[in-house]
Amino acid sequence: MDIKKILEQHKIWLSSGGEEGNQAYLSGANLRDANLSGAYLRNADLSGADLSGANLSGAYLRNAYLSGANLRDANLSGAYLRNADLSGADLSGANLSGANLRDANLSGAYLRNADLSGADLSGANLSGAYLRNADLSGADLSGADLSGAYLSGANLRDADLRDADLAQAILPNSTFIMFGEKYFISICGYCVRAGCQCHSVNEWRQFSKRDIFDMDGKNSLKFYPRLLDIIDFYCGKGERPEWLKEQNND
């Protein structure tokens, strides 16, 4: 497969509005570990290309243009897509687990049922993205723009949403984001993140005084009762550790 020739023809196809050249058709292609951002392929323009079902695991696609591309069911696990333009791309069912999408543009992208577990999406633009039933567990979404994103049914367990813009985003049921507290707090089902610490509701209620102190010293000790109040409100009232009861009695 002559990737250079395919991209040259695709470039002509794009510039001519489809009148000349050929649209890149790479459906099912094996591009595992391919470098699509180096040498003659620097900043590859695959806008509107058909890469459905392609194997791009571990591929290097930094700064690549993939806006409007068909990447349905593609394997992009571990791919390097930092600063890539994937706006409006169809990534439904795609495997992006562990991919580096830092500062990437995914605005308006279609990501239904996509696997983004453990992906680095910090600073990414996901405004208006459709993420229904997507797996974002353990993903880094810190500083990401999720304004207007559709996240119904998405798995946000252990995801880092600190400083993310969630204005008008549709969140999964039982997912709550709290601002204005000493630490960023998000609750997804029975998983609660406070600052950089993410634990189950039961774990938060059973921590020892030393466990809490080791998180952030006196700051976390002071905030802990407030965190339990928040957990009680959103997840139902529960028991508190004995050491905290004794401390309150003192």
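## Strands and sheet

Two strands pair if DSSP finds at least two bridges between them. Helices (H or I, at least four residues) and strands (E, at least two) are DSSP runs, numbered from the N terminus. This is a predicted model, in which local features need pLDDT of at least 70 and side-chain atom pairs count only at pLDDT 80 or more, while totals for chains, interfaces and linings use all residues. Residues are numbered from 1 along each chain as its sequence is written, and side-chain values use heavy atoms, with hydrogens and water left out.

An open sheet is formed by four strands in the order E1-E2-E3-E4, with antiparallel pairing. Its edge strands, E1 (175-178) and E4 (197-200), each pair on one side only. On average, and with direction ignored, neighbouring strands of the sheet are turned by 10° against each other. Axes are lines fitted to C-alpha atoms, for helices over the stretch in contact, and angles run from 0 to 180 degrees between N-to-C directions.

## Strand pairs and helix H3

Strand E3 (residues 191-194) is joined to E4 by four bridges, and the two run antiparallel. Arg-193 has Cys-198 in E4 as its bridge partner. Helix H3 (residues 209-235) packs on the sheet and touches E1, strand E2 (185-188), E3 and E4; contact means heavy atoms within 4.5 Å. The direction of H3 makes about 40° with that of E2.

E1 and E2 also pair in the antiparallel sense, over four bridges, and Ile-177 has Ser-186 in E2 as its bridge partner. These two strands form a hairpin with six residues between them, and Gly-180 in the turn has a positive phi of about 90°.

## Aromatic rings

Nine aromatic pairs are found in a search of the whole structure. Rings of Phe, Tyr and Trp (its six-membered ring) pair if their centres lie within 6.5 Å; planes under 30 degrees apart count as stacked, over 60 as edge-to-face and the rest as tilted. The pair of Phe-176 and Tyr-234 is tilted, because the ring centres are 4.6 Å apart and the planes stand at 45°. Phe-176 lies in strand E1 and Tyr-234 in helix H3, so this pair ties together parts that are 58 residues apart in sequence.

Phe-176 is partly exposed at 31% relative accessibility, and Tyr-234 is partly exposed at 32%. Buried means under 20% relative accessible area, exposed over 50%, and partly exposed in between (1.4 Å probe, protein chains only). Elsewhere, ring pairs link Tyr-110, Tyr-130 and Tyr-150 into a cluster.

## Nonpolar cores

A nonpolar core is a set of buried Ala, Val, Leu, Ile, Met, Phe, Trp, Tyr and Cys residues joined through side-chain atoms within 4.5 Å. The largest has 62 residues, of which Leu-91, Leu-121 and Leu-131 touch the most other members. Not counting residues up to four places away in sequence, the contacts of Leu-131 include Leu-111, Leu-146, Tyr-150 and Ala-154. Another core, of 20 residues, lies apart from the largest one, and Tyr-183, Phe-223, Leu-228 and Ile-231 are among its members.

## The loop between H1 and E1

Ser-52 lies in the loop between helix H1 (3-15) and E1. Ser-52 is buried, with a relative accessible area of 15%. Leaving aside neighbours within four places in sequence, Ser-52 is in contact with Ser-27, Gly-28, Asn-70, Leu-71 and Arg-72.

Most residues other than glycine have a negative phi. Asn-83, in the loop between H1 and E1, has a positive phi near 65° and is partly exposed at 32% relative accessibility. Asp-158, which is also placed in the loop between H1 and E1, has a positive phi of about 65° and is partly exposed at 36%.
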